[in-house]
Amino acid sequence: MESAAIQGGVAPRIRAAVDGLPPYSAGRSVRDAAADGGEVRELLGLAANEGPYGPFPSAIAAAQGQLERANLYPESGFRSLRVALATRLGVDVESVAVGAGGIGLIHHLSVALLDEGDNIVLCTPTFHAYALDARKQGATAFSAPVRADGSYDLGAMLALIDDRTRIVYVCNPNNPTGAIVHREELLEFVGSVPEEVTIVVDEAYFEYARFASYPDTILDPAFRRRNLVTLRTFSKAYGLAGLRVAYLVGSKDIVAAVQKVQSNYEVSSVAQSAALASLGDDVELARRVRLNSEGREELRSGLSRLGFEPYESHANFVYVRVGDARAFAKSLEAEGVIVRPGNAMGDPYSVRITVGTPAQVKATVAALERVASAQHTG
Ligand SMILES: Cc1ncc(COP(=O)(O)O)c(C=O)c1O
């Protein structure tokens, strides 16, 4: 049967704040490239900061067990996972919310905290979901450029806060630059932000950041404040991006508000069980974190050898200025590697490259060498 668009009649009334939005801009995946109908070949997908080693073996076993019971609804309110997280993190269970990925939780925080005409404050370039979700609410984003090292400029952000500011985001490490803000400066910032403004510290890459002055805003009691929320995810170091599960820790008021906004079943039973099992395997986590930091330094030194100046990174990706980011990403894809141009994050001059397995890092550096030598001879 021929497909036909549904037309005619009166157009539905989409809220203006939603109607004017660009669609979500996800990192191009190997599946996207295949759907474009190009020649079939091996492509390396390094555009979405996924963990390259799959879920932990214990998570796969737990998820498979749950799959056989997928006729049943998931545990209501994600209680077992919240209790396990609370125990591990030394907080009350009422201080922990679980959601369908960090993206889901950012959405819920936006719905819970932002009215039309409000604003959020952040730095650019950064994770684009903060501004996108603010715009869905009819709120705006006030932005300061990141510092020269790619980290959030907390002083510049303080100057942007006004009486309609409801959320300030601190992406730490920052996606896409990989840079961090340090404990003392974050503490000073937290003390200077008005108490009625919620500070969201997004630690999606927390597990990878092993720097002495990198703050742990959950464990460190100095950061226990009613207006501070910490976000972490199972999508990166735990390798569960496809299952959609993340958590936040904050005051009971914010957790309760997020729970009112979210769907009671938004994290599937399979995802909950995989996350729970992953929490029990710190040895596997440490192994992956070590492999990541070795691969990250190999990728950075490969880039430096080719004359680039990559940012120092505390995450599972490396950010580097290349000129025309889209053109560079296209040339690299022609060499078999998909990376993320910074355009959607507010920087059309740099690309972000995810750190793969040791073999993938070698292949990435080899592809970069081919692109760089074509540029020199071209
Ligand atoms: C800074 C940051 N926060 C949150 C997320 C959301 O991750 P997820 O929704 O997979 O948990 C990402 C994903 O790339 C990210 O980079």
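This is a predicted model: local features need pLDDT of at least 70, side-chain atom pairs count only at pLDDT 80 or more; totals for chains, interfaces and linings use all residues.
Guide: Residues are numbered from 1 along each chain as its sequence is written, and side-chain values use heavy atoms, with hydrogens and water left out.

Visitor: Why does Thr 198 count as buried?
Guide: Buried means under 20% relative accessible area, exposed over 50%, partly exposed in between (1.4 Å probe, protein chains only). Thr 198 has 6% relative accessibility, so Thr 198 is buried.

Visitor: Which residues is Thr 198 in contact with, leaving aside neighbours within four places in sequence?
Guide: Contact means heavy atoms within 4.5 Å. Among the partners are Leu 113, Ile 167, Val 229 and Ile 254.

Visitor: What makes helix α10 largely enclosed by the rest of the structure?
Guide: Helices are DSSP runs of H or I, at least four residues; strands are runs of E, at least two; both are numbered from the N terminus. In α10 (residues 269-279), 10 of the 11 residues are buried, so the helix is largely enclosed. Its buried residues pack against α3 (57-67), α4 (79-89) and α11 (282-305).

Visitor: Why are β2 and β4 called edge strands?
Guide: Two strands pair if DSSP finds at least two bridges between them. The open sheet of seven strands runs β2-β8-β7-β6-β5-β3-β4, with mixed pairing. β2 (96-99) and β4 (140-145) each pair on one side only.

Visitor: In what sense do β3 and β4 pair?
Guide: β3 (residues 119-124) and β4 pair in the parallel sense, over six bridges. Thr 124 has Pro 145 in β4 as its bridge partner.
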